[in-house]
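Trainee: Could you walk me through a structure, one feature after another? I would like to learn how to read each of them.

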Amino acid sequence: SLFSLLILLVLLIFHRFFTQLIFGSDKFGAIFQISVLAVLSISLSFLLIFSLRAKARFFPSVVVENSLQIFKLAGVLLLVVIGKLTLPTTLWVFSLAPLLGIIVGFFFLKTDFLGAKTDFKTARLLLGFGSWFALSQMTNAISSRLDVLMLIRMTDAAVTGFYSAASRLV
């Protein structure tokens, strides 16, 4: 939704503040920015997938969704072959793969809707409803992982990683 886009833009603009707040330093600022871009591109790709599903075009939606994974796999394999597999390069692959999926999706989705007239009254109503839903989802996501965010500040990355992996198994 538009509300989610605004929050992602705030995270992108104030990345130094948020990395300082979460990690205690801003040395992860670039990785944080790439991660926010990845969330943005994934959100846009799933908007396209859900649009295809809403039009009852299930096979194209499956093709687009699977192309996301294929592009990620191909990108990581390419990085392994050329010897450039690092966390930032992997994040770039995971950020750009959904954009390639969007290109595949637009092949299946007609773009007639882009020229449609906007009914601002209905748009305002939808934004009002969707913003509360987006806020609820983000609050739920943050509160469910608050323990990991606190551990990042109190311990090192290895301990936090082990705890996070163990808590996902439980």
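Trainee: Leaving aside its neighbours within four places in sequence, which residues is Leu48 in contact with?

Mentor: First, some ground rules. This is a predicted model, where local features need pLDDT of at least 70 and side-chain atom pairs count only at pLDDT 80 or more, while totals for chains, interfaces and linings use all residues. Residues are numbered from 1 along each chain as its sequence is written, and side-chain values use heavy atoms, with hydrogens and water left out. Contact means heavy atoms within 4.5 Å. With neighbours within four places in sequence left aside, Leu48 touches Val64, Gly101, Ile102, Gly105, Phe106 and Leu109.

Trainee: Which residues make up the largest nonpolar core?

Mentor: A nonpolar core is a set of buried Ala, Val, Leu, Ile, Met, Phe, Trp, Tyr and Cys residues joined through side-chain atoms within 4.5 Å. Buried means under 20% relative accessible area, exposed over 50%, and partly exposed in between, using a 1.4 Å probe and protein chains only. Here the largest such core has seven residues: Leu48, Ile49, Leu52, Val64, Leu68, Phe108 and Leu109. Helix H3 (29-54) and helix H4 (58-82) each give at least two of its residues, and the largest share, three residues, is from H3. Helices are DSSP runs (H or I, at least four residues), numbered from the N terminus.

Trainee: Is Lys72 buried or exposed?

Mentor: Lys72, in helix H4, is buried yet has no salt bridge. Its nearest side chain of opposite charge, Glu65, is 9.3 Å away; Lys and Arg count as positive and Asp and Glu as negative, with His and the chain ends not counted. Beyond its neighbours within four places in sequence, Lys72 is in contact with Val93, Phe94 and Ala97.

Trainee: And how many aromatic pairs are there?

Mentor: A pair of aromatic rings is described by the distance of the centres and the angle of the planes. Rings of Phe, Tyr and Trp (its six-membered ring) pair if their centres lie within 6.5 Å; planes under 30 degrees apart are stacked, over 60 edge-to-face, and the rest tilted. The count is three aromatic pairs. In one of them, Phe17 and Phe18 have ring centres 5.2 Å apart and planes at 75 degrees, so this pair is edge-to-face. In another, Phe46 and Phe50 have centres 6.0 Å apart and planes at 40 degrees, so that pair is tilted. Phe46 and Phe50 are four residues apart in helix H3, so about one helical turn separates them.

Notes. Salt bridge = Lys/Arg side-chain N within 4 Å of Asp/Glu carboxyl O.
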